[in-house]
Amino acid sequence: MRPLLDRFHFLILALLSFLGLTLMAGCGSQTPEESQGLKVAATTTMVADLAAAVLGEYGEVHGLMGPGVDPHLYKATAGDVNTLQSADLILYNGLHLEGRMADLLVRLGRRGKPVYAVTEGVPESELLEPEEFAGHYDPHVWFDPILWSYCVDTVVEALSEVDPMRTTVFKKRGDSLKSEYEALREWGHSYVSQIPRENRILVTSHDAYNYFGKAFGFQVVGVQGISTMSEAGLADIVKIVEYIKERNIKAIFVESSVSPATIQRISKDSGAKIGGELFSDAMGMKGHREAGPDGLSFDVGTYEGMFKHNLVTIVEALK
Amino acid sequence: MRENFLPAFDFHRTFVEPWSAYFDNTIWIVVMGFLVAATCGLIGCFIILRRMALVGDAISHSLLPGITLAFLLTQSRDTLPMMIGAIAAGVVTVALIEAIRQSSRIKPDAAIGIVFSSLFAIGVVLISVFADSVDLDAECVLYGEIGWIPLEDQVVLGGHEIGPLPVIRMAAIAIIAIGLLLAFYKELLVTSFDAGLAASLGINPGRFQYGLTLFLSVVIVSSFESVGVILVIAMLIFPGATAMLLTDRLPRTLWLSALFSALYAVLGFHLATWLDASIAGGMSVVAGAVFTLVWIFAPRRGLLMKYVFKSHTNVGSSQSSQAEMTAS
């Protein structure tokens, strides 16, 4: 037994010395070189777009989650931790969209890093919460441009805090952005009027469009619950197929970051066609231009383009 | 979209920058990767011998009812209640697996399948009946991310920051694991290889099995919480399995598995840096690659050696290699 134990001592010694070495090494720290302008890190594509619109040429916005990435399925890459660490400001959506990552960001904030949840400025009365679980708000506020305007204020405030010299510029840009969003909502309202009120029923994969429905008078039916994890039950599917037939719904929709299988199945069973793909938890590729009817043209990698894409897709399919 | 499938290899960015400009981040990620791999690897050696290598994967599914019940009871998605629910579910999982295995003729692999699929199914049903309107899945309420380790709160001891909390916690778990291993080495060894002999020596194999797997479930769940699921599942299997291709002796297997763990952590980190990919993914890919290399080139049992000396060696010997493994 003796040599055996000796071998184990070696093992422990090796483990401990490895630990010791790394601990000692950990004490000597270096900081990455300085660069010009503010470095802002943002989680989702929507938050990154908003931050870039306000920040403009005064810095750089790094989006952690790429186009088409479901925030649930996002995995940090090796470079992301350096991005967060060297950022002068971190912006995230909040309302539990980022899951556990939000806890980490809050802790970073407590240690003195400027960290803001862009949705913190949205009045609680405007937020939707499930009846049975008070306080667990629906995070998909960007689908109502007016709610998203509240987020502009938070971003302006956050940027002004880290770069107080440019407060007026940020404020001005924020205001013009807000009026853009207001115009977008106006445009949306008039555009949606092509669909008769009784036909404004939006059937999609998961419960992402409740704010959209509230803003534009749609009744929203999500096939699966709000989590992209849960699956639709058989009874749910049968119920939705019945509902589609009964209300004579022309089209239903798939989402860019959720598997289309269930919607395809429902489309087959109910006879409603698939009206197209909507953006839900992420926007499209930057610079990818799309043309709509009436000479509309938009970049689906921007908030405005993403919104227009969704609206045009819905209206074309349901009108 | 990337123009090329693989980004160009840049030696400075891949190997020099992480250890200079970003040293503080790199070191903690690599240390954490090593600690998780080494701890899971040490326990994994025994788990593999007991044909329960997939118990990590099983727990990653069966903790769903645990977190769902914890949410329904507390109405909160904070990490602490989720963690408690997950540990409880993990303990129930391994206890049920052991109970089925010991009191019926069902083999461990089938017992694992029975237990985790039924618990997972209960979780799915619970969610769709009671909690469909909140976003509740292990991926977003429980699993951690090794890439964020350097950003976690630092543990301060005597005015010095000694390291991020999850790393210190994992180091403590590693030390407990090694301590238990040393204290119960003989019992673990005998019960792993020969339950009959263990009984004749007065060791209750059932009790040890329970003890080992209960400890395992706590290690697995707390590792999920700090580094995510893929790394833990991979590290329960790869270090031990790879080492077993190289030696028949248990102490050497444990040694080698610790060595492999360090290799996975360092090479995996650099692979992830080069590709700007998930770090846990990088480490697991390296583990798979090292296994493949050893499988082909192992000096005595490698595929290559078998091919070269086909006429001299008994090809069937690898099947019995586990049984051949001795403590000498």
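Let me start with two centres: the C-alpha centres of domain 1 and domain 2 of chain A lie 24 Å apart. Domain 1 of chain A covers 38-186, and domain 2 covers 195-318. Those bounds come from an automatic or database domain assignment.

A word on the source. This is a predicted model, where local features need pLDDT of at least 70 and side-chain atom pairs count only at pLDDT 80 or more, while totals for chains, interfaces and linings use all residues. Residues are numbered from 1 along each chain as its sequence is written, chains are lettered from A, and ligands are numbered from 1 in the order in which they are written.

In contact means that the C-beta atoms of two residues, placed from the backbone, lie within 7 Å.

Now chain A as a whole. Chain A has ten helices and ten strands. Helices here are DSSP runs of H or I, at least four residues, and strands are runs of E, at least two, numbered from the N terminus. Of its 319 residues, 44% count as buried. Buried means 20 or more other C-beta atoms within 10 Å of the residue's own; exposed means 12 or fewer; partly exposed is in between; the C-beta atoms are placed from the backbone.

Next, the sheet. Which order do the strands take? In chain A, four strands form an open sheet in the order 2-1-3-4, with parallel pairing. To pair, two strands need at least two DSSP bridges between them. Strand 2 (59-63) and strand 4 (115-117) of chain A are the edges, each pairing on one side only. Neighbouring strands are turned by 20 degrees against each other on average, direction ignored. Strand 3 (residues 89-92) and strand 4 of chain A pair over three bridges. There, A:Y92 stands opposite A:A117 in strand 4.

Helices lie across these strands. Helix 5 of chain A lies across strand 1, strand 3 and strand 4, at about 170 degrees to strand 3. Angles run from 0 to 180 degrees between N-to-C directions, and axes are lines fitted to C-alpha atoms, for helices over the stretch in contact.

Helix 5 (residues 145-162) of chain A also packs on helix 6 (residues 167-192) of chain A, at an angle of about 170 degrees, with axes 9 Å apart. So helix 5 is roughly antiparallel to helix 6 in chain A. That label applies over 145 degrees; under 35 is roughly parallel, 65 to 115 roughly perpendicular, and the rest oblique. Contact residues include A:W148 and A:V152 of helix 5, and A:F170 and A:Y181 of helix 6. Helix 6 of chain A also holds A:S176. Is A:S176 buried or partly exposed? A:S176 is partly exposed, because 13 other C-beta atoms lie within 10 Å.

On to the core. The largest nonpolar core has 178 residues, and among them A:A51, A:L91, A:V155, B:M32, B:I67 and B:V232 touch the most other members. A nonpolar core is a set of buried Ala, Val, Leu, Ile, Met, Phe, Trp, Tyr and Cys residues joined through C-beta atoms within 7 Å. Helix 2 (residues 23-49) of chain B gives the most to this core, 19 residues. Both domains of chain A supply at least three residues each. Not counting residues up to four places away in sequence, A:L91 touches several residues, including A:V40, A:A51, A:V118 and A:V155.

Last, chain B. Helix 9 (residues 185-193) of chain B has buried residues B:L188, B:V190, B:T191 and B:S192. Their cover includes helix 2, helix 10 (195-200) and helix 11 (205-227) of chain B.

Strand 1 (residues 154-157) and strand 2 (residues 160-164) of chain B pair in the antiparallel sense over four bridges. B:V155 has B:G163 as its bridge partner in strand 2. Two residues lie between the strands of this hairpin, and B:G158 takes a positive phi near 60 degrees.

One more glycine: B:G240, in helix 12 (residues 229-244) of chain B. Why does B:G240 count as buried? Because B:G240 has 25 C-beta neighbours inside 10 Å.
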